[in-house]
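This report describes how two chains meet and how parts within a chain pack. The structure is shown first, and the description follows.

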Amino acid sequence: MNVIARHRIILPVVSLAVLLAATFWLQPRAMSYFGLNLLFNLAVPIALATIAQMLIIMVNDIDLSVGAFVSLAACVTATILNDTPALGVLVLALMVAGYAAMGVVIHRLELPAIVVTLGMSFIWGGLALFVLPSPGGTSPGWLRTLMTVKPPLIPAAVLAALLIGGITHLMIMRSGLGTVLRGVGGNTRSVARAGWSVTRLKALAYGLAGFFGVLSGMALVGLTTSADANIALRYTLLSIAGVILGGGEFTGGKISPVGAVIGALTLTLAASFLSFLRLSPDWQIGAQGAILILVLTARLLFNRKGVAA
Amino acid sequence: MPDPGIAPIVTLTDAAKHFGAVRALDGVSLTISPGECLGLVGHNGAGKSTLVNVVNGGLAPSGGEVTFHGGTDALGAGVRSVFQELSLCPNLTAAENLRIAHGGLKGPGWRRRARAEIRESLDTVFPGHGIDPGAEVDRLSIAERQMVEIAIGFAPRDTPARLVILDEPTSSLDAGIADQLLDHIARFCAGGGAVVFITHMMGEIFRVATRIIVLKDGRVVADHGASDFTRTGLVDAMGHVAAEDAAELSERRTGDEIVRTEDGLAACEGEIVGLSGLAGHGQAEALARLYLGETSAWRSRAVPPMVFVAGDRGRDGLLPLWSILRNMSISILRQGARWGLVDRAAEAKIGDEWKRRIGIRTDDVTNPIMSLSGGNQQKVLFARALASEARVVVMDDPMRGVDVGTKQDVYAMIRAEAASGRTFLWYSTETEEVCQCDRVFVYRAGRISAELTGADITEERILEASFEMQEAS
């Protein structure tokens, strides 16, 4: 591994560390088991949605329906999965299959993913309203237990982030199939020439993204105990920002699962940090954007230096 | 000649491939047997790439038959291709790229095995290559990428390689590395493998090929043992007459110095300046620095001070979704524009004029650029640069994958343009081209190591200057 290649992950780590240090400095009480859990609790569903987005960006597409899809998954979890678990599992599985089918359609008909996913986001949104017309529903008991578990020493949220990062890293960066999937983003033609079915690979990437989207919705319901058809709409942009913050690039299959999880944590932390600054909520979205631009600028300068060296 | 005692690897019977009205391949019958090194020549658009794609199973023929012996499909029969345009996944490492081609690398420890396999293959073909199999491909130089790609082509993989098709494999390699490859091809064929070798370098063809096939307009016009051809005979068969008088280097008058950089690169008005040396020693970077420095002003002028001819077409040159005309006219839109609107009539006129002058093989310049063969795409890039009124033309190894006839045409055009006062800065990996220049800067390890003029521009002097320091250290 050469030095610059490793740098890709250094910047996300440094941004998270700086933000964490600033938060602790503002609010020393956050530096505890309980505090950390509170800070990063909501990062778990965001991290899962970010991984879903990353899987799509990995094959040179972009997904504008993640937020609506996670909302739908949350609604299904809070209603059907709670009432009739078997049917709930079936519906969630169908949703994953639907995502895979979306990948096939995008590839086969050579449609731009940005348009198809934008259209699909309205379908997912409509289905979510159909399942749960008004906010409500209940989280299944086991899910609630799982999301509020208190492991010794490490806060659950941090442990979950480590697990998500570790598992997806093995899956995408280390496994053979993951390598081929990244190859699709790097040079689709050369993968096809080597005898792979790009349609199947895209279906796999989209299917996996759907799977992580479903997990994200479930995790969200486990934390909030109820759902709402619009519960996760902002995840679409958060997940894209998370992937990019984590060192990923929009094209060329250059992504990092560990980075994506770190990016999601950074974004969550940024919100808390701004609250600790007593910034009015009106300004928070803008300030969050400013943090994003700051980190990306740092990355750009960093990359330029890397090229010049 | 095929030996009737050995089963062939692949047989084409009257194979044809049509793209709409274009007959890219017009009935080719061909048998490739173990132990053969087949040299495939022909000018741009003669159908070489199409033939290769039919042989490797990438394209189904529209007529005739392709039979693979020893397997149901090309991959199963051990047919591999190394393409002219670099086709690795740049975001993956060399070893991971091997994984894509080699489906059998599975299970725990596959990364270690992949690294070992690619390293072994690189060591076999290019001893002393110095490439780290764990390095991401986009951190490698073009030459190194090409080496990795060739190594993947010859790697053991699932079924051993029986026929390896090399499309212009040496165009981005320097002489020493190309030598290693040619030696390996000879060894591989001696060991019972077969190679289809496409190149525009006559010397290479005659060095390794046992049999030479000449393609012209989608047909085989000659198919003999290599010893039955002479250089001129081969060029004649391709349908171009080689200009023998490359050394027509009269002391041409050049004007005032108009380019001078900090690292010593200089050029006068009307001069053709060559940048030479081993591939990847900073020539392309020097040109990029110069060009970007001159043309990156916030407010651009209607006539830019410099224009650029890309060698890496896919990366630096083509706008792949645009038509031939748009690709050509992008450099001159400001010249004919009124009120910020493009003058369509003038654009079309210039497009037709350059199509004729530089000989772009197409019926209609509004066709998509990707419908052209590689060499013709390159002509469009030349037209783009020459059509503008810029006084300085910067060329980054622009003859990559361009055939002999086109090269002669372009050389003549460059000389004519230089005579009318234009300045050319020309980086080339081919000594023959560098010898066309009035002045040559030889680069070594990112710096200019020699400045040669006039009669001093010889292959020996250039090689001397390229290698000196490496021997000393």
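Two salt bridges are found by the rule across the interface of chain A and chain B, a salt bridge being a side-chain nitrogen of Lys or Arg within 4 Å of a carboxyl oxygen of Asp or Glu. The model is a predicted one, in which local features need pLDDT of at least 70 and side-chain atom pairs count only at pLDDT 80 or more, whereas totals for chains, interfaces and linings use all residues; side-chain values use heavy atoms, with hydrogens and water left out. Residues are numbered from 1 along each chain as its sequence is written, and chains are lettered from A and ligands numbered from 1 in the order in which they are written.

Over all chains, the count of salt bridges comes to 17. Two of the pairs are listed here.

| Salt bridge | N to O distance |
|---|---|
| A:Lys254 with B:Asp138 | 2.4 Å |
| B:Arg211 with B:Glu36 | 2.7 Å |

B:Arg211 belongs to strand S8 (residues 211-216) of chain B, while B:Glu36 sits in the loop between strand S2 (22-32) and strand S3 (37-41) of chain B, so this pair ties together parts 175 residues apart in sequence. Helices (H or I, at least four residues) and strands (E, at least two) are DSSP runs, numbered from the N terminus.

On the side of chain A that touches chain B, helices H1 (3-26), H8 (156-174), H9 (176-186) and H10 (188-193) of chain A each supply at least two residues. H9(A) gives the most, with seven residues.

In total, 25 residues from chain A and 20 residues from chain B take part in the contact (heavy atoms within 4.5 Å). About 1800 Å² is buried between chain A and chain B, with carbon and sulfur atoms giving 49%; buried area is the accessible area (1.4 Å probe) that two parts lose on being put together, summed over both. A:Arg174, A:Thr179 and A:Arg193 lose the most area in chain A to chain B, together 25% of what that side buries.
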